[in-house]
Amino acid sequence: MDGHSGSITALVGGKDYGESPFNRATQAKRSVGSTIKPFLYYAALAEGYSPVTMKETQPVEIEVEGKTDPYIPSNFNDQYAEEPISMAQALAVSDNIYAVKTHMDIGPEKLGKTMKTFGVEGTFKPHPALALGYSSISLFDMVSAYGKMVKGTESIEGHTIAKITDRHGNVLYEYKPTYNKDDAVDRVRAFTVTHMMTGMFDPVLDADYASVTGTPIKGKLTRMYGGKSGTTDNDSWMIGFSPQYVSGVWVGYDEGSKPLEDFNDHRYAKAIWADTMEKIHENEPTAAFIPPPGVKGVYIDPETGYVAGPNCPQERLVYMEESDIPKEVCGGDESKDVDDEFKDDPWFKDVVDWFF
């Protein structure tokens, strides 16, 4: 999908139209897995969270109204952080516990409302598992929703027809974006999440218990992308974007109960996505994600969530509202307060304002 206009430039509905005319990109609705998490964190940013909000991620049991047994989410391979991690890192490594805790903390009804803000209609029951993508949504609708996030507006819609005219040139139909003032996408929060999604390809955000989810395809990529993968027992997803294009891939069987059993089955979506994005960008100029007014770029220490000082061992650029910038500064073996010691130093101003 063209990331500026929403026009669909390529669409594949299956392996062989003659064998099966069913269009899996537009007609099939499948559990979206972790590709729903960016919308959860968009909702959380409105509830006082920021990309450096820290949470512990360990096994947890959640009571569900009307159910005898609790809901018990888990991370991939039952691996968990031994210390608090930030939202930015949780998204990059796709930590399920962080997502479910956030979902329940802000109110499990918020994510369903957010999905509708991004144009996805459906039944989103406020269950803990909603944070991990149990809802079934079409690939077309998910790509269109990601397009709204990247563009920072609800006005962009995935569409396959730009204009219809009769033989005399009279316009019978023309695509025009629509605006919803009552439930508009917030540009600041959308950009914050969009930039966080570039973290799936940044090894600086690797955790001790999990690597960033883009690791298997990072070697194929020659420019900056963002995205999110998703996995269920029966589905494998990859939805990602550049400043120019948004694309999504789903892999699975038509029989919804048939699992993806082979380890590589879960990697095909990412590999197809990477090869496709690289191909369509061959003649495209390098482009950057441009932040809107209202956000600040700041380098943080991924381990603590503090501002990265001159002696911090590693750093990651994160965008957030100025009021959310941490007060503490990572300084190697110690942490110092920004207000007390660094606020007026030239290096700090450069870190925060260099992009504006």
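**Salt bridges and their surroundings**

Guide: Seven salt bridges are counted in this structure, which is a predicted model.

Begin with R24 and D254, whose side chains meet in a salt bridge with 2.8 Å from N to O. R24 lies in the segment before β1 (30-31) and D254 in the loop between β9 and α7, so this pair ties together parts that are 230 residues apart in sequence. R24 counts as buried, because its relative accessibility is 15% and the cut-off for buried is under 20%. D254 has 48% relative accessibility and counts as partly exposed.

A second salt bridge is formed by the side chains of D275 and K220, with 3.0 Å from N to O. This pair also links distant parts of the chain: D275 is in helix α7, K220 is in the loop between α6 and β7, and 55 residues separate them. D275 is partly exposed at a relative accessible area of 43%, and K220 is partly exposed at 36%.

Next comes K279 with E282, a salt bridge in which the closest N and O atoms are 3.6 Å apart. K279 counts as exposed at 55% relative accessibility. E282 is exposed too, with a relative accessible area of 54%.

Now consider a charged residue without such a partner. R223 lies in the loop between α6 (187-196) and β7 (226-231). R223 is buried and has no salt bridge; the nearest side chain of opposite charge belongs to E278, 5.1 Å away. The side chain of R223 does reach the backbone oxygen of P285, at 3.2 Å. Leaving aside neighbours within four places in sequence, R223 is in contact with Q244, E278, H281, E284, P285 and T286.

The loop that holds R223 runs between α6 and β7, and both ends of that loop deserve a look.

Take α6 to begin with. Nine of its ten residues are buried, so α6 is largely enclosed by the rest of the structure. The buried ones are V188, R189, A190, F191, T192, V193, T194, H195 and M196. What covers them includes the helices α1 (37-45), α2 (87-93) and α5 (139-151), along with the strands β8 (235-241) and β12 (316-320). At the N-terminal end, α6 is capped by D186, which has a side-chain oxygen 3.1 Å from the backbone nitrogen of V188.

As background, strands of a sheet pair through backbone hydrogen bonds, and the pairing is either parallel or antiparallel. Between β7 and β8, the antiparallel pairing extends over six bridges.

N77 and D78 are both in the loop between β2 (54-55) and β3 (85-86). N77 has a positive phi of about 60° although it is not a glycine, and D78 has a positive phi of about 55°, again without being a glycine. N77 is exposed, with a relative accessible area of 56%. D78 is exposed at 51%.

The last stop is E174, in strand β6 (residues 171-174). E174 is partly exposed, with a relative accessible area of 39%. Not counting residues up to four places away in sequence, E174 touches A162 and K163. The C-alpha atoms of E174 and P73 are separated by 46 Å, and the two residues are 101 residues apart along the chain.

Methods: Residues numbered from 1 in each chain as written. Predicted model: local features only at pLDDT ≥ 70, side-chain atom pairs only at ≥ 80, totals over all residues. Heavy atoms only, no water. Helix = DSSP H or I, 4+ residues; strand = E, 2+ residues; numbered from the N terminus. Buried < 20%, exposed > 50% of the residue type's maximum accessible area, 1.4 Å probe, protein only. Lys, Arg positive; Asp, Glu negative; His and termini not counted. Salt bridge = Lys/Arg side-chain N within 4 Å of Asp/Glu carboxyl O. Polar contact = N/O pair within 3.5 Å; in protein donor to acceptor, adjacent residues only side chain to side chain. Contact = heavy atoms within 4.5 Å. Pairing = 2+ DSSP bridges.
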